[in-house]
Amino acid sequence: MSEKNTFESSIKRLEEVVRLLEKGDAPLNEALALFEEGTSLIKNCSKMLDDAEQKVTLLVKGAVPQEQPFVAEEG
């Protein structure tokens, strides 16, 4: 890929791959390479979405500050 490996650029490329495969006129070797690229893009996009979901979950859990009682150390 020539563009940065962002979610948006990966989705755009995946849409191109799907269009090319749906045309049905690619030779077998090219179709297999496109299919392989598409599955790789899906895997990467899925990982990016999972990572984003985990980050949002952590942010939401930490969004409400919890008041903690002060405990003095004895010593």
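**Figure 1. Overall fold: two helices and zero strands make up the secondary structure of the protein.** Helices (H or I, at least four residues) and strands (E, at least two) are DSSP runs, numbered from the N terminus. This is a predicted model, in which local features need pLDDT of at least 70, side-chain atom pairs count only at pLDDT 80 or more, and totals for chains, interfaces and linings use all residues. Residues are numbered from 1 along each chain as its sequence is written, and side-chain values use heavy atoms, with hydrogens and water left out. The accessible surface comes to about 6,700 Å². Carbon and sulfur atoms hold 57% of that surface. Areas follow the Shrake-Rupley method with a 1.4 Å probe; for residues, only the protein chains shown count as cover. Of the 75 residues, 11% count as buried. Buried means under 20% relative accessible area, exposed over 50%, and partly exposed in between (1.4 Å probe, protein chains only).

**Figure 2. Helix 2 end to end, residues 28-61.** The helix has 34 residues. At 1.5 Å a residue, it should span 50 Å. The expected span is 1.5 Å times one less than the number of residues. The end C-alpha atoms lie 49 Å apart, which agrees.

**Figure 3. Buried positions of helix 2.** Leu34, Gly38, Leu41 and Cys45 are buried in this helix. Helix 1 (7-23) is among the elements that cover the buried residues of helix 2. Contact here means heavy atoms within 4.5 Å.

**Figure 4. Arg13 and its two salt-bridge partners, Glu16 and Glu37.** A salt bridge is a side-chain nitrogen of Lys or Arg within 4 Å of a carboxyl oxygen of Asp or Glu. With Glu16, the closest N and O atoms of Arg13 are 3.1 Å apart. Both residues sit in helix 1, three residues apart, about one turn of the helix. With Glu37, the closest N and O atoms are 2.7 Å apart. Arg13 belongs to helix 1 and Glu37 to helix 2, so this pair ties together parts that are 24 residues apart in sequence. Arg13 counts as partly exposed at 21% relative accessibility. Glu16 is partly exposed at 27%, and Glu37 is partly exposed at 26%.

**Figure 5. The salt bridge of Lys47 with Asp51.** The closest N and O atoms are 3.0 Å apart. Both residues lie in helix 2, four residues apart, about one turn of the helix. Asp51 is partly exposed, with a relative accessible area of 37%. Elsewhere, salt bridges that share partners join Arg13, Glu16 and Glu37 into one network. The whole structure holds three salt bridges.
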